[in-house]
Amino acid sequence: MSDAKPQAPQDPLPLCASDDLQERGKAHTFHVLQYRQPASAFALRFDGQVVAYLNRCAHVPTEMDWQEGEFLDGDKQYIMCSIHGAVYDPLTGRCVSGMCGRIGLTKIEVEEREGQVYWYPSRDTQPAFEP
Ligand code: FES
């Protein structure tokens with residue numbers, strides 16, 4: 001029998017106003033600690049849903065945006081890495097094509113309610129102070 005205790009869910013943290021995320025528009029970027037190391041993350045709205053991921057390509061662990069907050073391809077159909085063009089499904093983070101293999105993006109749980117977007121820290125992904 002394991003002594004491991006179940007991980008208590010962590011309280012959601014305010015991320016941005018709902019109005020800050022336009023459909024297939026610029027992402028809201030924010031800073032986190034991933035395994036206690038500084039990392040960046042982003043949230044965007046796609047097909048009405050807010051999704052969030054670490055800003056870290058599955059090919060090479062580097063940031064993917066073309067310009068800050070710009071993650072979508074020219075047709076605004078997919079998240080596309082600006083380095084070598086790996087393509088991800090915006091709603092799942094799964095690799096669609098390119099050099100991202102089976103790993104896909106690291107998802108961050110988010111919730112939208114009453115005009116506000118919240119994100120949920122996890123055991124691996126914790127809040128960081130904004131620089
Ligand atoms: S670093 Fe993203 S496709 Fe190579």
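A disulfide is counted here as a pair of cysteine sulfur atoms within 2.5 Å. The model is predicted, so local features need pLDDT of at least 70 and side-chain atom pairs count only at pLDDT 80 or more, while totals for chains, interfaces and linings use all residues. Residues are numbered from 1 along each chain as its sequence is written, and side-chain values use heavy atoms, with hydrogens and water left out.

**Exercise 1. The disulfide**

Find how many disulfides the structure holds, and describe the cysteines that a disulfide joins.

Solution. The structure holds 1 disulfide, which joins Cys95 to Cys100 with an S to S distance of 1.9 Å. The torsion about the S-S bond of Cys95 and Cys100 is about 70°, so the disulfide is right-handed. For accessibility, buried means under 20% relative accessible area, exposed over 50% and partly exposed in between, with a 1.4 Å probe and protein chains only. Cys95, at a relative accessible area of 22%, is partly exposed, whereas Cys100, at 2%, is buried. Two further cysteines can be classified in this way: Cys16 counts as buried at 6% relative accessibility, and Cys57 counts as buried at 6%.

**Exercise 2. The aromatic cluster**

Determine how Phe42, Tyr53 and Phe71 are linked by ring pairs.

Solution. Rings of Phe, Tyr and Trp (its six-membered ring) pair if their centres lie within 6.5 Å; planes under 30 degrees apart count as stacked, over 60 as edge-to-face and the rest as tilted. By this rule the count comes to 3 aromatic pairs. The rings of Phe42 and Tyr53 have centres 6.0 Å apart and planes at 45°, so this pair is tilted. Helices (H or I, at least four residues) and strands (E, at least two) are DSSP runs, numbered from the N terminus. Phe42 lies in strand 3 (residues 37–46) and Tyr53 in strand 4 (residues 49–54), so the pair ties together parts that are 11 residues apart in sequence. Phe42 and Tyr53 are both buried.

Next, Phe42 and Phe71 form a stacked pair, at 3.6 Å centre to centre and with 10° between the planes. Phe71 lies in the loop between strand 4 and strand 5 (79–80) and Phe42 in strand 3, so this pair ties together parts that are 29 residues apart in sequence. Phe42 and Phe71 are both buried.

**Exercise 3. Charges over rings**

Identify the ring over which the charged end of Arg113 sits, and the ring whose face Arg24 lies over.

Solution. A charge sits over a ring if NZ of Lys or CZ of Arg is within 6 Å of the ring centre and within 35 degrees of the ring normal. The charged end of Arg113 sits over the ring of Tyr118, 4.2 Å from its centre, and Arg24 lies over the face of Phe46, at 4.0 Å from the ring centre.
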